Amino acid sequence: MADRTLPSFSLSLPGTRRAVVVGAGSFGTAVAVLLVRAGLRTTLQARTAEQADRLRADRENRVYLAGVELPRELRVESVESGLARADLVFLGVPSRGLDAVIRGLTGAGLPPRAAVVSLAKGLVPPDGTAPTILLRDGFGADRVAVIGGPAHAREMVADGAGLVAASASQELAATLAGVFTRAGVVCEVSNDPIGVELAGAAKNAAALAAGATEGQGLNAAGAAAGHIFAEIWRYAEAQGARPESFIGLAGTGDLVATALAPQSRNRRAGELLAEGVASHEIPQRIGQAVESLDMVPLLARALGANGVEAPVTGGLSRLIAGELPLDAWVALVRTTVPPPARWIRRPRPGFWARMRARFSRDPRQAS
Ligand SMILES: NC(=O)C1=CN([C@@H]2O[C@H](COP(=O)(O)OP(=O)(O)OC[C@H]3O[C@@H](n4cnc5c(N)ncnc54)[C@H](OP(=O)(O)O)[C@@H]3O)[C@@H](O)[C@H]2O)C=CC1
Ligand SMILES: O=C(CO)COP(=O)(O)O
């Protein structure tokens, strides 16, 4: 649940707090630029020493975020340099690689009190585990956070975004919100990391579904996104997520930002699927992470294993696998009826209860 009554949290030692961003893709790079703006001593870690050399030489990430100057104060190195002096570690690696990165954090020298912040909007194979659950199991809930909300990397650096910082620790969520606010970007404070994380996963899956369907009709595209969002919400609710996370910035806000964005990788991936491009060719065509392609099959399995009726998420998974033709997918979307609402029937009061109610009425109100 969002909390607007928090005391404003000031960083105890501004400028001396050290942040490391692991993963020098589009979002990791953009977040690193903001952290520098917030006054943190920030290091961006690329996967290889050659990538780090290139970023240092160009002072720009030409592969993933061309045209954004890397500030002079931003250190750039490879992941080999380790995390020994970090206070805040941001993981800007797509979910499919997060398991190995998370398992390697201790070996990389993660200090015992450092917090770990996931930037991912996907789930980790093979079981479709939410990244903050893996992090919580490894390091404890109070050291773990996730960032959600509408935040296209380039626009965030130039004009801002609508971030959500979610953690079981009020202090950590407020610290992160304070950092991003200081960098000039709005950041909501949330105590619902699993809700924010699953909302980000849901919006990516819904954007893919809308992209795959939009050529057949916009009502169908809207229905596809709505079904997927509702199916994943039922799963999220069972995991303890709060509705505010799906209704607000991290859910519907990010869904709109993604579905409308010409550059959205998830919606574009859906369009390519509809054009008949095989899913394994799509990441190479797009050149950047497409979380939903990996995640939807994991989600479909997780929903099934948890007893959530999810015909549309299941259908999308089969479309990705090439097992469901496009017209069958669209027919599924157009004909699926969500489960009906559950009316709670109150038993009719018995004879004596009705009599008591009648004779205890205020006589002045009797007609
Ligand atoms: N881009 C955006 O606007 C937003 C993205 N996100 C989320 O952020 C996450 C990251 O996405 P994004 O930055 O866009 O992805 P990109 O595809 O732009 O970049 C991924 C980066 O991760 C690096 N990487 C992969 N594996 C490792 C590893 N084991 N160690 C170190 N680096 C690694 C890649 O290196 P290499 O080049 O060597 O493969 C690449 O630099 C995703 O979950 C995405 O949904 C969230 C909000 C907005
Ligand atoms: O998450 C994003 C914006 O908030 C980016 O979406 P895409 O990965 O679809 O480009």
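Some conventions come first. The model is predicted, so to speak, by rule: local features need pLDDT of at least 70, side-chain atom pairs count only at pLDDT 80 or more, and totals for chains, interfaces and linings use all residues. Residues are numbered from 1 along each chain as its sequence is written, and chains are lettered from A and ligands numbered from 1 in the order in which they are written.

Helices here are DSSP runs of H or I with at least four residues, strands are E runs of at least two, and both are numbered from the N terminus. The buried residues are Arg 265, Asn 266, Arg 267, Ala 269, Gly 270, Leu 272 and Leu 273. Their cover includes α7 (193-213), α10 (249-260) and α13 (291-305). Just after the helix, Gly 276 takes a positive phi of about 95 degrees.

Which residues does UniProt list for "binding site"? The unreviewed entry gives Lys 121, Arg 265 and Asn 266. These three span 146 residues in sequence, yet no two of their C-alpha atoms are more than 12.4 Å apart, so they gather at one spot. UniProt positions follow the numbering used here, feature names are shortened, and annotations may be inferred rather than shown by experiment.

Arg 265 is buried, with 23 other C-beta atoms within 10 Å. Beyond its neighbours within four places in sequence, Arg 265 is in contact with Ile 286, Gln 288, Ala 289 and Val 290; contact requires C-beta atoms, placed from the backbone, within 7 Å. Asn 266 is buried as well, with 28 other C-beta atoms within 10 Å. With residues up to four places away left out, Asn 266 touches residues including Asn 204, Thr 258 and Val 290.

Finally, ligand 1. Of the 26 residues around ligand 1, those that come nearest are Gly 25, Phe 27, Ala 120, Gln 288 and Ala 289, where near means a C-beta atom, placed from the backbone, within 6 Å. Helix α1 (residues 26-37) gives the most to this shell, with 3 residues.

Technical notes: Buried ≥ 20, exposed ≤ 12 C-beta atoms within 10 Å, placed from the backbone. Contact = placed C-beta atoms within 7 Å.
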